[in-house]
Amino acid sequence: MVCSCGEARIVVFTTNHVDKLDPTLIRRGRMDMHIELSYCSYEAFTVLAKNYLDIDSHPLFNEIGELLKTKNITPADVAEVLICNTTESKVSRATGRLEELTAQYFLKY
């Protein structure tokens, strides 16, 4: 990291309650970057399915898309379910992972 003053520091703040912070603390210029981590959207889910299962579509995608509109689930939780190290065929592995995702996060609540 290059810094004109000779020293560089990285400070990371995390909060679930931005509204309770002093506005001078979070104004532009005081903090260089603001990152919002949201819940998993359908678009993020399709990227995760492509990355972990190597599929672009599946009959369960529409159902999962509708469920994602009503349930808050993090991308990390989705990725954890989709990661699978088996020797099953691509189609059966994908179906199994997607069925487990719906059962684990959407049907239990």
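Q: How far apart are the closest N and O atoms in the salt bridge that Lys50 forms with Asp56?
A: A salt bridge is taken here as a side-chain nitrogen of Lys or Arg within 4 Å of a carboxyl oxygen of Asp or Glu. This is a predicted model, in which local features need pLDDT of at least 70 and side-chain atom pairs count only at pLDDT 80 or more, while totals for chains, interfaces and linings use all residues. Residues are numbered from 1 along each chain as its sequence is written, and side-chain values use heavy atoms, with hydrogens and water left out. For Lys50 and Asp56, the closest N and O atoms are separated by 3.7 Å.

Q: Which residues are linked with Asp54 in a network of salt bridges?
A: Relative accessible area sorts residues into buried (under 20%), exposed (over 50%) and partly exposed (in between), using a 1.4 Å probe and protein chains only. Lys50 counts as partly exposed because its relative accessibility is 35%, whereas Asp56, at 60%, counts as exposed. The residues joined with Asp54 in the network are Lys50 and Asp56.

Q: What is the relative accessible area of Arg97, which forms a salt bridge with Glu100?
A: The closest N and O atoms of Glu100 and Arg97 are 2.8 Å apart, and the two residues, 3 residues apart in helix H5 (residues 90-106), are separated by about one helical turn. Helices here are DSSP runs (H or I, at least four residues), numbered from the N terminus. Glu100 is partly exposed at 32%, but Arg97 is buried, with a relative accessible area of 17%.

Q: Which residues of helix H4 are exposed on the side opposite its buried residues?
A: The buried residues of H4 (residues 75-82) are Val78, Ala79, Val81 and Leu82. Seen down the axis, they fall within an arc of 165°, so they line one face of H4. Exposed on the other side are Ala76 and Glu80.

How values were computed
Arc of directions from axis to C-beta.
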